[in-house]
Structure formats: structure tokens, C-alpha cells
Amino acid sequence: MGYNVTQKLIKDHLVKGEMTPGAEIGLKIDQTLTQDATGTMVMLELEAMGIDRAKTEASAQYVDHNLIQEDSKNPDDHLFLESAAKRFGLYFSRPGNGVSHPVHMQRLAKPGQTLLGSDSHTCANGCMGMLAMGAGGIDVAMAIAGEPFYVKMPKIWGVKVTGEFPEWVSAKDAILEMLRRHGVKGGVNHIFEYYGPGIKNLSAMDRHVIANMGAELGATATVFPSDEETKKYMKLQGREDEWKELIADNDASYDRHDEIDLSSLEPMIAKPSSPGNVVPVKEIEGENIYQSYIGSSANPGYRDFAVASKIVEGRHIASGLSFDLNPTSRQMLIDLSEQGHIANFLQAGARLHQAGCNGCIGMGQAPASGRNSLRTTPRNFPGRSGTKEDSVFLCSPETAAVSALTGKITDPRNAGFDFPKVEELEQPTIDTDLLDAPLPKEEAEKVELVKGPNIASIPKMDELPEEMELPVLLKVGDDISTDEILAGGARVLPYRSNLPEISKFTFEIVDDTYYDRAMEQKEKGGHVIIGGTNYGQGSSREHAALAPRYMGLRVAIVKDFARIHWQNLVNFGILPLTFSNDKDYEKVEQGDTLVFKELRKNIKRDGGFEVELKGKNETIQLEHALSPRQLEMMEKGGLINWLKDRLDA
């Protein structure tokens with residue numbers, strides 16, 4: 001039996017465990033990616049571990065999220081990250097160079113390698129024949145230190161691609177169709193691998209769009225082969241010598257199967273407030289919009305901007321509409337300028353923003369209250385845009401551009417003019433200065449870390465107690481995202497290196513009394529949170545685990561977890577438990593007290609254990625998915641304590 005591409009990648013990097021679905025495996029990591037909203041904590045963790053230099057082949061620190069400099073917090077942290085990149089031997093991308101995922105694809109992505117990033121959309125680089133995965137910051141810090149990355153061996157979901165896109169339809173519609181079919185948790189514990197005769201009709205950047213939003217499916221990763229399209233892309237970037245072919249064997253098999261015919265697709269749109277709430281654009285055509293937004297890591301390619309430029313060329317956007325243009329890299333901005341596309345946008349009434357994540361993470365460009373925002377971004381979770389009660393729709397550049405002209409959600413096939421054909425550039429700009437190269441070791445050792453006043457060390461985490469009586473301070477429903485646990489945006493993210501301050505925003509979208517109640521309970525032993533299915537979907541930000549832990553969260557009990565958040569909870573010593581019987585979710589109410597007895601003994605038993613609902617004469621049966629290694633970490637209070645004990649030994 002032959003291997004598929006994913007199995008080849010895992011087999012070549014497997015250092016611990018066996019390739020049996022559900023079993024814990026350890027993988028050698030070749031490359032890492034950190035961005036500024038998560039990287040500050042990673043650099044502090046490297047310092048705490050005493051790491052002298054990155055052990056990976058290539059590690060890069062990007063500044064793409066926290067670009068608004070309304071005070072000194074963000075620029076201070078930019079200086080800290082630059083000094084840390086020099087000190088630890090990392091590549092560094094300064095503010096304005098662009099979004100990490102497409103820049104990494106341009107300059108560092110290499111077929112056949114593994115990439116681990118402290119950003120959930122790291123999976124975008126699966127477009128290059130890589131095994132690219134998002135993870136919590138401390139997992140990335142461990143990888144930089146040369147440690148394996150541990151993950152449950154996923155099942156491989158093969159998606160056969162046939163046909164080619166019709167006019168007015170593009171890669172964003174393909175991934176939205178996958179989300180329509182499978183929802184935001186359909187891909188949990190799976191890697192999607194795309195193959196088949198239609199693959200040749202997907203450019204490297206088309207593949208980036210599809211792989212990027214594999215995160216929204218809940219997938220561990222998305223993998224494409226490295227083929228002639230990959231080679232063509234790398235040649236255009238001046239890196240053809242780093243290309244190698246990586247394709248599935250003829251007799252390769254998959255655990256699950258799906259098929260997508262590109263020629264049968266139509267324009268799709270995700271309605272508020274979930275990437276999985278997808279319908280054809282024609283079903284909601286005519287709804288008024290306040291904002292149309294083009295850019296982000298989910299549509300970062302030249303073609304995505306150029307086709308929108310040609311749509312609005314010689315025309316003007318609707319009255320009262322904000323048409324926001326977010327170039328994804330400095331290199332892209334140069335090409336768009338030289339080809340006249342920036343002029344087309346500006347003459348049509350667009351607002352040009354700097355290259356970066358910007359409004360995608362709520363860093364500016366927040367929509368007006370009570371108005372609809374149409375975006376090519378990957379997520380529309382509640383409040384993510386920066387407006388608390390937002391109404392964000394996700395769509396393709398074609399739909400966004402045509403709708404900007406009409407002021408209403410419009411099926412682009414009804415534009416009233418011919419579809420503009422756009423050819424990829426034969427000689428795109430190659431900007432080798434997008435990344436500052438790592439310093440030589442002897443120079444790096446002399447670099448001092450530049451720490452501004454907003455950086456606070458991570459507090460010590462205590463070990464897991466044997467006995468606990470904990471109140472349920474919060475009970476939430478299904479699909480709670482990390483944006484709802486701890487929001488992004490211009491108000492919150494500047495405190496990403498200051499845990500006491502950023503904690504004040506925890507769960508504010510869900511319950512603005514949570515912080516005060518949690519801090520009051522903290523000295524009494526902590527508390528429990530109850531949740532539904534897919535708890536912690538979305539961003540990889542470890543602050544969504546670290547802040548609640550700082551506030552006394554000891555146990556999270558849910559129907560099931562999103563992968564990265566589950567791992568982050570484990571890393572910081574929060575016990576992640578699931579109901580053995582989902583109906584027990586109804587038994588537990590906010591305000592109840594749970595009694596945990598002989599906890600260290602019980603979590604090592606097979607088959608789960610019972611917890612008492614104090615004063616109710618009721619029990620609930622709970623279980624977990626922790627490996628023996630993770631149980632040891634949990635007892636010690638988290639990964640930092642576990643690692644310190646190992647280093648001391």
C-alpha cells in the first residue's frame with residue numbers, strides 16, 4: 001500500500017509514537033512562525049527556558065497584527081521582538097512588511113518540511129507541500145528549542161478535485177463550499193489532503209486560500225502536493241532550487257473521502273457570525289452593506305487584488321460605503337502599484353491601508369454598529385471585527401468588489417458587465433529584504449533583550465491539587481471561540497505581554513462580570529467553566545487559556561474541545577475534561593459547586609471518573625484524552641513547570 005502526501009510528511013518527521021489515528025505522535029519541526037500578538041509570550045518563554053539559539057532550520061518572527069501605534073505599547077513590543085529575533089537566531093519581519101503567512105510562503109516555505117506556528121492560520125502553508133500546523137505559543141517555543149511537537153495522529157481526509165472554476169467563482173468559494181458541507185467542527189482530528197485532476201487548475205495562491213481556512217473547518221492541517229504549480233511559484237520567487245516534488249503514490253488511500261468539482265461551484269457567502277454559516281450569495285442578494293473589505297491571509301494573492309481592481313476600474317463605489325483595501329505584503333503592494341491596480345482602487349473610492357492583518361483581527365477598520373460588513377477575511381466570530389455586536393459576512397474578492405459598486409450584497413454573476421480576465425505576473429517583485437536574516441551566533445550572544453514597561457513575566461503556576469471544591473462561574477453553549485474567551489482588537493492586543501492587564505478582558509463578550517467574580521474566587525481555590533461542543537474554536541492565542549488560568553480556572557468541562565485550545569489548556573495546567581454523557585451538560589448550572597476527590601488518582605484510571613454536584617445528590621461522569629506525558633505535565637501545573645523539572649534533572 002502506497003502513501004499519500006500527508007503520510008509521507010509525517011513518516012519523514014516521526015520521532016515518537018506510531019501513525020495510528022488517535023495515538024499521540026511526536027514530530028520533528030523544521031520551521032516555526034510567530035507573529036507579534038503571540039510571539040512576545042514565545043520570546044519570554046525562550047528566555048525563561050534559557051535557550052541560547054533556535055534549533056530549527058528556519059524560524060521567523062513577524063510583526064503583522066499589532067500595527068496601530070496609538071501609544072508606546074505596540075512599538076515597544078516591536079523593539080522587544082526585534083531584539084529577541086536577533087538574540088535567538090530568528091528571521092525578523094518588521095511592521096509593514098506584510099501578513100506572516102503569505103510572506104513566509106514567498107521567502108521560507110519549502111516542500112517536504114514541517115512548519116509550526118503560533119497562529120492558527122499557519123496551516124495556509126500547506127499549499128506548498130508542507131505539513132503546516134497552528135499551535136499555542138509555548139508549543140512553538142518548545143519546537144524552537146529543538147523539542148518534538150506532540151499531537152494526536154489525525155485521520156487523513158482525501159478530497160478529489162476535478163474541473164476548473166467558472167467565471168466569477170474562485171478559491172474562496174471552494175473553501176466556503178467545504179464549510180457549507182462540513183461546518184466549523186467537521187474537520188476536527190483530520191488533515192484534509194487535496195488531490196486529483198483538478199489540482200492543476202489551482203494556482204499556488206488558490207491553494208493558499210483553501211489551506212488557510214482549513215483552520216475554520218477545525219482541521220489539524222491541510223496538505224496539497226508539491227507539483228509543477230508549486231515549482232512555477234517558487235521559480236517566480238527566485239527559489240526554484242529549493243523545490244522538490246512531493247505527490248501521493250498511485251495506490252495511496254485515505255481514511256475518509258470527499259470530492260469537489262470546481263466547475264459546478266457558484267459564489268458562496270458565510271453569514272454572521274460563523275464561517276460555517278454558508279449559503280449561496282444569490283440567497284441573500286440585496287442586503288445593504290456598510291463596508292466591503294478586500295485582503296487578509298485568506299485572500300492574499302496578486303490575482304485576488306487584481307481581479308477586484310479590474311471590477312471597479314472606471315467605476316465608483318456606492319454612496320456611504322467604506323471600501324477597505326488591505327495589501328498582504330510590501331512585495332504585493334509594489335506589484336499592485338506598478339500594474340496600476342492601486343490607482344484603480346483609489347479612483348473608485350477605496351481606502352488604502354498598510355500591509356498587515358489590520359481589520360481581520362479587529363486592529364482598526366471596525367464596522368459601524370448595526371451595519372453589515374462584507375469581508376474576504378477567514379473569520380466572522382462575534383466581536384472579532386472590533387465592533388461588539390457586529391454583522392460580518394465572508395466572501396470572495398469578486399463578490400466583495402461587485403457589492404462595493406452596488407452597496408448591496410450582490411451575486412457577482414449579476415454585475416452587468418463581462419468578467420475581467422487577470423493573468424499572473426510573469427516577473428513579480430522579489431523583495432529579499434522582507435526578512436532580516438538571523439545574526440551569526442557570536443553576534444547574537446551579545447544582544448540584550450529590549451523590554452518596555454508593558455512586559456510582565458509569566459507568574460508561577462501551582463501543581464494540581466488532590467482535592468478541590470470548585471464553583472461553576474460560567475456556563476456557555478456550543479462553538480465558543482477564542483475571540484469570545486479573550487478578544488483581539490486594538491483595545492486588547494497591546495496587552496498581550498502583560499498577563500494581569502489582558503486578563504481583564506476575559507469573557508467580556510459573553511459575561512462582563514466574569515473577571516470580577518473570578519478574581520474574587522481565585523484566592524479561595526479557583527473555579528470551573530462548563531461548555532458545549534467545539535469549545536475554543538478559532539485563534540491559537542494561548543492567552544485564551546493563560547488569562548483564565550491566571551484568574552483561577554482549574555477545570556474546563558465541555559462536550560468536546562477544539563484541538564489547539566485543548567492543547568493550550570493542558571500546557572497551562574487547566575484540566576480539560578469532557579462529559580461521558582452529553583446529557584450531563586444539562587445537570588450542571590452556573591453557581592453549582594463540583595467536588596473533586598482523589599483527583600490525581602482518578603485521572604489515571606481508565607474509563608473516567610465521577611464528580612459530585614454538591615448539595616444536589618447528583619454526580620456526573622467525566623473523562624479526558626490526556627496521554628501519560630500530558631498527565632505528568634498536568635500534575636506539575638503545566639508545561640513550564642514540567643520542562644523546568646526536566647532541565648533541573
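Helix α2 passes helix α5 in a right-handed crossing, a crossing being right-handed if the near helix is turned clockwise from the far one by less than a right angle, and left-handed if anticlockwise. Helices (H or I, at least four residues) and strands (E, at least two) are taken here as DSSP runs, numbered from the N terminus. The model is a predicted one, in which local features need pLDDT of at least 70 and side-chain atom pairs count only at pLDDT 80 or more, while totals for chains, interfaces and linings use all residues. Residues are numbered from 1 along each chain as its sequence is written, and side-chain values use heavy atoms, with hydrogens and water left out.

The axes of α2 (residues 36–49) and α5 (residues 137–144) come within 9 Å and cross at roughly 50°; axes are lines fitted to C-alpha atoms, for helices over the stretch in contact, and angles run from 0 to 180 degrees between N-to-C directions. The two helices, α2 and α5, are therefore oblique to each other, given that angles under 35 degrees count as roughly parallel, over 145 as roughly antiparallel, 65 to 115 as roughly perpendicular and the rest as oblique. On the α2 side, Val 42, Glu 45, Leu 46 and Met 49 meet Gly 137, Ile 138, Ala 141, Met 142 and Ile 144 of α5, where contact means heavy atoms within 4.5 Å. Seven nonpolar residues, one polar and one charged make up the contact of α2 with α5; Ala, Val, Leu, Ile, Met, Phe, Trp, Tyr, Cys and Pro count as nonpolar, Asp, Glu, Lys and Arg as charged, and the others, Gly among them, as polar.

Helix α2 also meets helix α3 (residues 73–88), with axes that come within 10 Å and cross at roughly 50°. Here too the description is oblique, for α2 and α3, but α2 passes α3 in a left-handed crossing. From α2, the contact takes in Asp 36, Gly 39, Thr 40, Met 43, Leu 44, Leu 46 and Glu 47, and from α3, Asp 77, His 78, Phe 80, Leu 81, Ala 84 and Phe 88. By class, these residues of the contact of α2 with α3 are seven nonpolar, three polar and three charged.

Attention now turns to the strands. An open sheet is formed by three strands in the order β1-β2-β8, with antiparallel pairing; two strands pair if DSSP finds at least two bridges between them. Strands β1 (14–16) and β8 (149–152) are the edges, each pairing on one side only, and the twist averages 45° from one strand to the next. Two bridges join β1 to β2, with Leu 14 opposite Leu 27 in β2. Leu 27 also has Phe 149 in β8 as a bridge partner. Strand β2 (residues 24–27) pairs with β8 over four bridges, and Ile 25 stands opposite Val 151 in β8. Helix α1 (residues 5–13) lies across β1 and β2, running at about 50° to β1.

At 2% relative accessibility, Gln 291 counts as buried (under 20% relative accessible area, with exposed over 50% and partly exposed in between, using a 1.4 Å probe and protein chains only). Not counting residues up to four places away in sequence, Gln 291 touches Ser 322, Asp 324, Gln 365, Pro 367, Asn 372, Ser 373, Leu 374 and Arg 375.
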